[in-house]
Structures are given as C-alpha cells and as structure tokens.
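Have the sequence and the 3D view ready.

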Amino acid sequence: MEQADIGVFGLGTMGSALALNIAEKGFRVAVINREQDWTDRFMANAGELADRFVPTRTVEEFVGAIRSPRPLLIMIPAGAPVNQQVAALKDILNSGDIIIDGGNSDFHDTIRHNKELDGTGITFVGMGVSGGEEGARHGPSMMVGSTREAFERIEPILMAIAARAPDGEPCAAWLGTDGAGHFTKTIHNGIEYADMQMIAEIYGLLRDGMGLAPAESAEVFERWNAGPLNSFLIEITSTVLKVDDPETGKPIVDVILDRAGQKGTGKWSAIEAQNLGVPASAIEAAVGARVLSSLKAEREKAADVYGDAVPKTNFFTKDKIDDLEKALLAGKIVAYAQGFATMAAASRAFGWGLPLPTIAKIWRAGCIIRSQFLGDIAKAYDTGEVVDNLVMAPDFVDVMKDAQGALRRVVAGAAEAGLPVPALSAALAYFDSYRQRRGTTDLIQGQRDFFGAHGFERIDEAGTHHGPWGSNAPKPEAKPADPALHAEVEKAT
Ligand code: 6PG
C-alpha cells in the first residue's frame with residue numbers, strides 16, 4: 001500500500017478535523033487512536049476522503065505506514081498523555097522523524113521534550129493550533145516552535161491547511177525554537193480569556209444594567225460587529241444570545257449555569273506574565289473571574305447576606321450603548337497590549353526572537369481571537385510603531401484618547417450600580433497607572449526601607465539610599481523566653 005505523507009495520532013474532535021483537512025489538500029494520512037473503535041468510526045465518516053487514509057491499529061503499524069523520514073502529528077490531551085506517547089514513540093522512531101504536538105501543551109513541557117530527544121535525531125515540534133473544530137477542519141491558525149529545518153519539512157502541509165488572512169497570506173508560521181509555538185498559543189488563550197470576559201461583562205451591563213433581553217443584546221453585538229469591534233468572538237456572542245433552548249423555549253443563555261470551565265492555558269498566561277515581571281492584569285482578572293464564577297454555592301450565600309449584585313435595572317440607559325462599545329474597544333486594546341508585552345518579554349527571556357508582527361498576522365484568521373483589529377496590530381508592529389507598548393502606537397493612541405472616557409464612565413457606572421466588571425476595571429487601572437507620571441510607590445519604597453532597610457532611589461541623586469527613620473525605626477523584637485530551654489540550662493548549671 002502507498003505510504004502516507006504524515007500520520008495523525010489521536011482522532012478526537014481536533015485530531016479528526018485536522019486529519020480530514022490534510023487529506024482534503026491531497027496528502028495521504030495514516031491515522032490511529034488508542035481506542036480502535038474511534039478509528040473505525042472516523043473511517044466510516046470520512047466519506048469520499050476515505051481512500052486518502054491509512055487506518056492503523058498498533059503504534060508500530062502506524063509508524064510503518066508513514067513514509068520515512070516521518071512527520072507525526074499527535075493530537076492528544078496535554079500533560080501525562082503526551083509525555084507517555086513521546087516516551088513510547090522515542091523507541092520506535094528513527095533519526096529524521098518529527099513528532100508534532102498540536103495540543104494545548106505547556107511550553108515548559110515542550111522545551112523538556114526537545115531536551116529529552118536531543119541526540120536521537122528525532123525532532124520535537126510544539127505547535128499551537130487555534131480555531132476549534134471548524135478551524136481545524138477548514139483552516140486553523142498555527143503557531144510553530146521547532147528547529148527551522150523541521151518547520152521547512154512540514155511547511156508545505158501546514159501552508160496547505162492553514163486559514164487565509166484577508167490578503168491571502170496563510171495563517172501559520174515558524175515563531176522560534178522549542179517552546180515558542182506553545183508559548184504563543186498560551187498567550188493567545190490568555191487574550192481569548194480577557195476578550196471573552198470583557199464581552200461577558202458588557203453583556204452583564206446590557207442585561208442587568210439596562211434590562212435588555214438576550215435577543216435585544218444580540219442585536220447590539222450584531223451592530224458592533226460591523227464596526228471596530230468586528231471579530232469572531234463578537235459574531236458568535238450575537239449568535240449565542242439569539243438561540244433558544246428547545247426544552248424550555250427560553251433563550252439558551254438563560255438556562256446555562258453561570259459557572260465557567262477552563263483547561264489551564266489562561267492561567268498559564270497569567271502565571272508566565274507574573275514570572276516574566278509583566279503586568280497582565282486584564283488577563284489575570286479574566287482568569288480570576290472564571291474561578292470566582294465556579295464558587296456558585298458561596299456566591300449564592302453572599303447574595304443572601306449582602307444582596308444580589310443587581311441593585312436596579314435600567315441603571316445604564318440606552319443612550320449609553322455607544323459608551324459600552326467604546327469601553328469594550330479600549331479594554332480590548334489594553335488586554336492585547338498586555339498579551340503582546342508578555343510575548344516580548346518571553347522572547348527576550350527564552351531567546352526566541354518571537355516575530356510579533358507575524359504573530360499578529362497569523363491571528364488575523366483561523367483562530368478564536370481573529371478580528372479586523374489584529375490587522376491593525378499587525379500594521380503597528382510591522383511599521384515599527386510599537387516600541388514598548390501597543391497603547392503607545394500612534395493609531396492606538398488616537399483610539400485610546402477617544403475611548404478612554406467611555407471606559408471610565410462604564411467602569412464608574414458599573415461600580416456604582418454594584419455590577420462586577422473585573423477585566424474592564426483592571427484594564428482601566430492599568431491604563432491609568434501606565435500613563436501616571438508620578439505614581440504612589442514612593443510610599444511603598446519608604447515603607448520597605450522603614451521595616452526592612454531595603455533602600456530606595458532618590459529623584460535627585462543616584463545610588464541606593466535609606467530614610468532618616470532614626471528613633472522611629474522598628475526595634476528588633478525581644479525574643480520571648482523559652483521555658484523549656486530555660487529549664488535545661490537550670491539543670492545543667
Ligand atoms: C482555540 C482555543 C482552544 C481552547 C478552548 C477552551 O484557540 O482554539 O483556545 O484551544 O481549548 O478555547 O479553552 P478553555 O477550556 O480553557 O476555556
């Protein structure tokens with residue numbers, strides 16, 4: 001039988017969709033799943049593409065079915081399953097073979113796998129794939145971390161299956177060595193969390209602050225989708241708000257429990273930003289909001305004690321809808337600025353040389369955060385307008401100057417109404433702190449020096465200084481006598 005061009009290991013939602021996409025572009029694909037019946041079902045549903053697949057039952061058969069040197073795409077849950085599979089494949093594969101991990105893996109694991117395979121001639125590729133099932137099937141955005149040579153070997157397949165940006169460019173690229181691709185996907189997801197949280201906060205203001213029904217809010221989002229907020233997430237928001245539950249006939253959002261799940265990538269973004277010393281408060285707020293949402297029972301009790309956080313409807317009048325749109329835009333700019341700043345810092349720390357303009361470009365289509373706005377970000381990075389932070393790029397300065405007032409009014413109004421907007425308010429606080437010439441950490445430095453002699457810098461003289469705390473400085477605490485020790489000493493003397 002003719003050998004396959006590539007193997008796909010794992011026929012879950014994403015693996016199946018990618019395998020079909022690859023086959024549709026004319027490549028021959030060997031497939032395998034741990035549970036044989038999944039492979040059988042996949043083959044039964046492959047339709048006219050079925051003859052482009054080589055279904056296999058054992059790992060040895062799978063590996064043997066791919067033309068050497070082999071590319072193998074593994075699409076299995078991140079963490080232990082990937083670890084086990086890499087260990088198993090290491091003994092079967094030959095020098096020149098490439099393992100591509102297309103899952104949402106932790107980039108630290110990806111770096112580790114690269115080290116483990118060092119000297120074997122087998123290459124490990126960490127590839128972030130975004131776009132959900134639909135994207136995987138018809139054009140995902142793919143973020144690749146690997147050696148340049150490995151990327152060039154798999155490039156024809158990736159370019160054939162990738163989403164196309166409005167200018168026709170494929171949304172897949174080599175971003176750097178080892179963990180560069182999975183790190184970038186992690187930050188993509190952190191931004192995705194912030195984007196979704198801010199949209200949900202605005203939905204909350206439309207619902208609880210303005211008293212709009214889901215279908216009315218859907219119309220608002222639909223209208224916004226024709227403006228600067230145009231994006232996949234705004235588009236699906238409007239669709240989700242329009243759909244009714246077949247069982248109750250109510251809008252589906254009204255019967256969905258308000259407890260959000262998460263698989264980890266948003267949290268990793270926040271942790272990595274902290275590790276890199278980058279403030280990413282809007283992303284952190286979004287992760288925190290999901291965690292808080294899961295404390296449903298505690299929230300019910302708190303609502304009983306303090307009153308539900310819906311003091312009055314129609315707090316926001318309908319003439320505030322334009323403010324909500326601009327507030328969302330301003331918040332979104334800050335979230336993306338934080339995500340891109342985190343990538344810039346990681347690029348320096350890990351020596352990846354992450355091409356930020358390329359990242360913005362390959363996020364223009366295929367991925368969950370795809371939007372018109374990413375085209376503007378790509379332009380700002382491409383032309384070198386972003387030096388330190390996206391909010392300083394001239395086009396974004398204009399938007400922020402125009403939209404910051406709305407963000408301020410919306411956050412203030414929400415606070416007064418008792419409606420939570422954690423990500424939007426974090427974005428506003430970040431923006432205000434970022435543009436504050438004289439902040440308030442002079443006091444923190446004074447406190448640190450007072451209690452711990454940590455030293456501070458002066459505005460008028462170089463070097464490290466200490467405060468004239470004199471007799472005000474804390475005295476070392478006298479240790480309380482240890483009666484047991486005292487008794488020991490008594491006995492010995
Ligand atoms: C994508 C998504 C996807 C992610 C889901 C769920 O880019 O296609 O980011 O990879 O798995 O969005 O993530 P959470 O379960 O953490 O919300």
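Below we go through a helix pair, then the pockets, then a cavity.

Keep in mind that this is a predicted model, where local features need pLDDT of at least 70, side-chain atom pairs count only at pLDDT 80 or more, and totals for chains, interfaces and linings use all residues. Residues are numbered from 1 along each chain as its sequence is written, and side-chain values use heavy atoms, with hydrogens and water left out.

**The helix pair**

Helices here are DSSP runs (H or I, at least four residues), and strands are too (E, at least two), numbered from the N terminus. Find helix α8 (residues 180-209) and helix α13 (residues 281-293): their axes come within 8 Å and cross at roughly 70°. That makes α8 roughly perpendicular to α13, a label for angles of 65 to 115 degrees. The axes are lines fitted to C-alpha atoms over the stretch in contact, with angles from 0 to 180 degrees between N-to-C directions.

Which residues of α8 and α13 make the contact? On the α8 side they include Y193, M196 and M198, and on the α13 side I283, V287 and R290 are among them. Contact means heavy atoms within 4.5 Å. By class, the contact residues divide into 10 nonpolar, 2 polar and 1 charged. Asp, Glu, Lys and Arg count as charged; Ala, Val, Leu, Ile, Met, Phe, Trp, Tyr, Cys and Pro as nonpolar; and the others, Gly among them, as polar.

**The pockets**

A pocket is an open set of points on a 1 Å grid over the protein atoms alone, with protein on both sides within 12 Å along at least five of seven lines; a cavity is a set where a 1.4 Å probe fits but cannot get out, and lining residues have an atom within 4 Å of a point. A volume is the space filled by probe spheres set on the points.

| Space | Volume | Lining by class |
|---|---|---|
| Largest pocket | about 1,800 Å³ | 24 nonpolar, 7 polar, 11 charged residues |
| Second largest pocket | about 1,100 Å³ | 14 nonpolar, 18 polar, 6 charged residues |

Helix α8 turns up again: it gives the largest share of the largest pocket's lining, 11 residues, and also the largest share for the second largest pocket, 5 residues.

**The cavity**

The structure holds 1 cavity of 30 Å³ or more. About 40 Å³ of space lies in the largest cavity, and its lining has 8 nonpolar, no polar and no charged residues. Helix α7 (residues 148-161) supplies the largest share of that lining, 3 residues.

Methods: Parallel < 35°, antiparallel > 145°, perpendicular 65-115°, else oblique.
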